[in-house]
Amino acid sequence: MSRKNDEPSSKAAIAGLACRFPKSHNVEEFWENLLAGVDMIGPTRWPEGLYGLPPRVGLIPDINKFDSNFFDFSDLEVNNMNPMLMHLLEVTYECVVDSGLLLQDLQKSRTGFYLACFLSDFDAVETSRCLTSSRLSIASCLAGCVTQWFGFRGPMITVDTACSSSLSALHIAVIDLMTRKCDFAVVAGVNIILNPVWVQQMLYLNMLSPQGQSRVFDKEANGYVRAEGVASILLARSPDICHRVYASVVNIDVNCDGYVSEGITFPNQDAQSELLKKVYDDCGLTGDDLAYIEGHSTGTQAGDRVEMGGLRVLYEHRKLPLLMGAVKSNMGHTEATAGLAGLLKCILIAHHQVIPPNRNFKEMNPKIDALVTGKVKVVDKVLPLPDGYIGINSFGFGGVNGHLVMKPFYRKSKHKEDNTSVLIPLMLRHLEAIPFVQRFLSKHADDSDFLHMMSQSMVSCDHRQTVRAYYVTGPGCNVRFVRTGYLADTPGTELPPSLWIVIDDLLLDNINVSASILHNKCFYKSIDMSQQILSRLDPEIKLFDIIAMKTDIVPGSTDWLCVAIAVLLGLVDCLMAVGIEVCGVVGGGLSEIVAAYLDFCLDRTQCIQLAYLIGKTVSENRTGRKVQLYHVHLQSAEAFKLGPKVQVLAVLSDESFVIAVSVLHLEKVLKNIHWKGGHYRLLAADFPIYSSSSFNAEKLRPELKNIIPSPKPMSVRMLSGKVGLNEENIDAAYIAGLLNTRVDMSSAMEIISLESCLLHLSLGPSTSAPKSPQKQRWDQTPNWHEHTLFCHASLESLYNTLGEVHLLGHDIDQSKFFDIEYPLGCETASMGPLVHWDHSVSWHLPDWPEFSCKVKDDKHHPYTVFGLDQEGIHMPVATIIYHAWAAICQKLQPSEDGTLLPVVLFNLITHGDTSLEQANLTGSFIQIHWGRKQFTVIHEDVLLLSGRFKESPDGLDLPRVPGYDLDINQNNDADQYDYIIEKTEILWEDSWLDFLSAVLEFTSQFMEGGIQQISIDPEHHAEEVKDCANILTVIEIYTGVCKAGSIVCQFYPQRLGYLSILFHNNHSITSVMLTHW
């Protein structure tokens, strides 16, 4: 085998993965178990020793758990669903999440689905019982059910080549990707063990280890151990369309054994050798290029030896021993999922750069020459992964052989930004996932590219989730902030509050811009565009220098105003870039220039030109003025009573306003404010721009017209904070009015619905402390509204604000916030484990008796009701219950005389009309579902009664009932107790049907609800009637318990206005009544 080229081309890229294996909920737990050498094999689901089966198998955890609400399945559907489908849906979703792609991306592309499924144990039950759900989930429908839910529109196929099914499915998927039949391909495998009969058949074929020990390559190897597994990987035809790539598929191929004299289950060394030679020749690789090979190696004497012989074409000319392992030594043989299990193990090896050890390798098999000569080394301890390619074998006992060669994908350069923050919005199933997610983010907080990918993935964008959270990571690689919030219980039923942006008056704020915000790509680009415009007006004003180095600038100067406008434009650009829907915008004073920009009335060039012009004019007119501006908290009506020397520049709310005071009158005015109970703080600006007496803006009109030659109308979503400005166009007159008119934000804010969310934009947090002994907020507008957010010019503030917007239910698209070079490599962490399902419900699964031969081979006809009394002396319900009991006893102990046995019938549900005439019940038949311990009574295709049963050949331990077995006068007032217990005596006449009918007729006088449960012990009853045929019958009305001889019935309680509680203590029943809670 000679090298044909230096770097084989990739046939497909592996872009996502997820799994569930024995004792492993996800890929992270799977790797931890592999690395620690954990024995993932354990007890079976059936009694030890059943059919002489091996005592151990590999079982996935939580087999009966499924998040039905997320996938929108009813309880009825899930209780009749193949557990394979449950786990396929969840694991495939985890795979999509792990890829970093959005589900809609896969739906818009041609995405194929390729399922490997060997044995579907559930089919034997589903196809031999009465259906109660219209949704089929037998093996042939599994792939269709998955593609229907995910909306995949590409090729779909189910593959069964026994143990090589998943690699065969992967081979077909790669061919379809190469021939452009699809852009993406999900390859999944599933293997679940419910049926002990299948295990018995495999044991008879000498495939299995009788002890349930997987001793791969070991001298004591004596068969494989069956194991469950669910795995899913996402393939892409090119790395260019991926967000991450774990590895590239260099080559993959399959062949079959052909004729084998030893039989179809015996492997063919020549066929395996031919396959390997072809695979490596076709891609120009040799055995020396391999870093590691994952064997199919199941732990059978013949299979391991033959596989090692077939590998000779790879190791015979190697200079170093070929490192080899087999995941089956750790967890058993997952059969249809085996190829994917080996592939996932190899990807995890590439990610962690170490090879985990094989289990149970104590003494090498002397019959395997490659081990004896040292050509192949079984990895029995943790070893570093050498550089090179990785091979995976997968062989089916039906004769299909497969082999895959993969090359781990590592990024050539990794982009890290340790000194910047990253916002990660999250959408989760429940709050219990929060601690895990926080630990995960803390662990990977130094990889900004990975966090950025995560923020654009399904983890952040799936509306099916009901819990929203967000994290902001910061310098030092720590998760610094987390908040959570709920949406409606049913996603999509609650609309987020409308969002209004309030741009606070920039002259009332100090410029306190954090240089960290320049790390945001969108903000940086916005400042850069503003700088280009400003450089044509004044090359000396350097926005980046002022922001990055915090250069001191005079408040109200040209530099100051240009920076202020540019920063606010940058914040607006960031908000618009994430795609949030803004209901409206409110501006106050000069900030209305930025509001007009958001309303598309002004463009960026006009905004910067206006800032420069106004700043230059203010600077020229401030010489000699000695005025100070104060922000005052006091009733606004008092603002106009402070004297003629006070100019009111802005009314922000009923209790907040801004004034300008000459320094000559300052002391007197401030004392007056204090005397009236107000508080104040000094503002940085010292020029009263919002006053016609201080500033004449009319002289600017010609220049303003040059800047705004074609005015645009203000839309209905823009509200002005200026008094008396009702112009429809943002023109020169409007801008001039801004400079000479008092601000009145309170009037504008009153228009906005109180249920809206107000998002305040400002230049920075206030640095001035209020002169008040009480802590007081100096927001420019009060928090009238249900939701109020404050955002200033720092990266952390921006991300915290967007996180809060996310919590309110708005979608956040951060793709314009950062540059990331996709795809990321296999060194990045898997995101699948971040999916935490709601597994609070345990669903019904077939129990092992349902698969037993006794059930399937039962040839007896159903029990049929006949010979009924035509006079109708029996209650129909009594007749139905009696014959159900008789049918169960006949099934338990067939006899000609119809011997009746102790039985409990429970979970009784009446479905049809049980008030039928007695004669009309003739011909009804009773079906006994032995595996589930269920029965049904059917009359003319109508279900009358259903329930469950349990037999007790040794007799029943019947409860003791007050008034029957106990002295009711011991603990209760006898007079009070009379009205909750009714008694009578019923004559026993050697007829269970007559007696049962009489008991139910007596109870029907007091009980409106139906019967829930009945316990009958005929042997104990026979002892009671020996001495007296008159049987005391007692019913306790509020608990619904009736006892008559050896019959105990439980009815639904009588009154809903009372809560009755049964205390079962030492086989006695005590009733407690709680009236009208």
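Is Glu-667 buried or exposed? Glu-667 has a relative accessible area of 55%, so it counts as exposed (over 50%; buried is under 20%, and partly exposed lies in between, with a 1.4 Å probe and protein chains only). This is a predicted model, in which local features need pLDDT of at least 70, side-chain atom pairs count only at pLDDT 80 or more, and totals for chains, interfaces and linings use all residues. Numbering starts from 1 along each chain as its sequence is written, and side-chain values use heavy atoms, without hydrogens and water.

Glu-667 forms a salt bridge with Lys-671, their closest N and O atoms being 3.4 Å apart (a side-chain nitrogen of Lys or Arg within 4 Å of a carboxyl oxygen of Asp or Glu). Both residues sit in helix H24 (residues 666–675), four residues apart, about one turn of the helix. Helices (H or I, at least four residues) and strands (E, at least two) are DSSP runs, numbered from the N terminus. Lys-671 is exposed too, at 54% relative accessibility.

Now turn to Arg-56, which is buried with a relative accessible area of 17%. Its side chain meets that of Asp-39 in a salt bridge (3.1 Å, N to O). Arg-56 lies in strand S3 (residues 56–57) and Asp-39 in the loop between helix H1 (27–36) and strand S2 (42–43), so the pair ties together parts 17 residues apart in sequence.

Another salt bridge joins the side chains of Asp-67 and Arg-429 (2.7 Å, N to O). This pair links distant parts of the chain, 362 residues apart, and both Asp-67 and Arg-429 are buried. The structure holds 26 salt bridges.
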